[in-house]
There are 2 protein chains.
Amino acid sequence: MPKTETFDRAQILHKATEVFHKKGYNGTSMQDLVDTTGLNRSSIYNSFGCKLQLYLEVLSDYQKKANHKFRKGLTSIYNATEQIQMIFELTLIDILEDDDRKGCLIVNCKSEMANHESLIKSFVEKNQDQMLAMLSDIVNKGQMEKIFNTEKTAGQYGLYLYTSIQGLRMTGILNKNENDLRNIIDTIIKVLH
Amino acid sequence: MPKTETFDRAQILHKATEVFHKKGYNGTSMQDLVDTTGLNRSSIYNSFGCKLQLYLEVLSDYQKKANHKFRKGLTSIYNATEQIQMIFELTLIDILEDDDRKGCLIVNCKSEMANHESLIKSFVEKNQDQMLAMLSDIVNKGQMEKIFNTEKTAGQYGLYLYTSIQGLRMTGILNKNENDLRNIIDTIIKVLH
DNA sequence: TTAATTTTGAAACGATCATTCCAATTAAAG
DNA sequence: CTTTAATTGGAATGATCGTTTCAAAATTAA
């Protein structure tokens, strides 16, 4: 029987995520990945395929973790307003913890590659669909409970919130002032009531 | 006396802008620039300096043109609401005309390079300051005229609008549905009244 | 027409790019 | 142990990277 992988796949993926996040896809070389993962070049290709495949796996992993964070944050909260606030709170924390101004990996990825690589475009579209589903579900619930107004449909508000989150992530790259960011969030949410 | 430049500098800059916009900074090679500008490699270095210098000149040019568009659009409009609407209208047009999903050059640039190159970071910060000044001036005027509410300061609303514009540009990369985008804009602006 | 000076073309620079190859190493199963 | 098969290290692949070099071409003032 064959020798088995000796490295921790999750840990390697985490290291790879850091590099791609910091330098972007085109800014990251295989040498960068070799250096930071500590893995040999052959092992990377053997275990993850080419650079783009590894990047896609990194994206999926990043998305899965973000999704998990959202779902975990939303459990034990049943008020629609607080749920929306929680989503922005998690985003805010992510921004404030992002000391080296990397921004959001998926937003960066969309900006850099959505118009080149069709696999990336599909991934980002699927990510958007998931976000929209989550957001409009909450809005819909809030509207049923008469907490949110019905001047726009849940889908329309969902897209508005998704847009606002992306904007917040872009602003958050260079502006880490918590009060400023909280004011933006406050203004974003206000229109729902 | 020396031989003078034979090419049209503005036209070369326009071509270079197209490439950088479509492929990003790291995705664009000097060969790409040679191919699309039609200029010789030496001439590029001789007239524009290195790749980064050329990129910075492209950014300045792009910003100048966008500024010009805004100022032109805002002349003969004296109502604050309509001024804000005009700014979003111009952004919307830009999004709808962007057939190959490139997004906004400056947003892309911020996402790709603001955390690496300090010259880029400075440029983007200056661009942000200009946008914030323009937006909060309009908001301030609207508040003086009692058209906009004063629940937030003009500066806070300015930052909110700047954030929203960036979000709109991100959403606009993959979503070109005019109705959807107009609904987002409508929702963004509503909070001011 | 000549002298002065810059642009231009084309080749070349060393470095780095993503990827492949192959022999040596390793570990599980018989 | 021996066999088996995958992982691993390290060198090598050809292509492309950004940048430089230099002689030839081009243009204008004298």
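## A shared surface

In this predicted model, the two copies meet through the same surface, because 100% of the interface residues of chain A are also interface residues in chain B. In numbers, 37 residues of chain A are in contact with 37 residues of chain B.

On the chain A side, the elements that give two or more residues are helix H6 (105–113), helix H7 (118–144), helix H8 (154–174) and helix H9 (178–190). The most comes from H8(A), which gives 13 residues.

## How the copies are related

What rotation superposes chain A on chain B? The answer is 180°, with 0.0 Å of shift along the axis and an RMSD of 0.0 Å. That is the relation of a two-fold axis. To find the axis in the structure, look for A:Gly167: of the residues of chain A, its C-alpha comes closest to the rotation axis, at 1.7 Å.

## A look at H9 of chain B

Helix H9 of chain B covers residues 178–190. At 1.5 Å a residue, its 13 residues should span 18 Å, and the end C-alpha atoms are 18 Å apart, so the two agree.

Which residues of H9(B) are buried? They are B:Leu181, B:Ile184, B:Ile185, B:Thr187 and B:Ile188. These cover an arc of only 160° around the axis, which puts them on the same side of H9(B). B:Glu178 and B:Asn179, on the other side of the helix, are exposed.

The buried residues of H9(B) have partners in both chains: they pack against H8 of chain A, together with helix H5 (80–97) and helix H8 (154–174) of chain B.

Terms used
Residues are numbered from 1 along each chain as its sequence is written. Chains are lettered from A and ligands numbered from 1 in the order in which they are written. This is a predicted model: local features need pLDDT of at least 70, side-chain atom pairs count only at pLDDT 80 or more; totals for chains, interfaces and linings use all residues. Two residues are in contact if their C-beta atoms, placed from the backbone, lie within 7 Å. Helices (H or I, at least four residues) and strands (E, at least two) are DSSP runs, numbered from the N terminus. Copies are superposed by least squares on the C-alpha atoms of residues with pLDDT of at least 70 in both. The expected span of a helix is 1.5 Å times one less than its number of residues. A residue is buried if 20 or more other C-beta atoms lie within 10 Å of its own, exposed if 12 or fewer, and partly exposed in between; C-beta atoms are placed from the backbone. The arc is that of the directions from the helix axis to the C-beta atoms.
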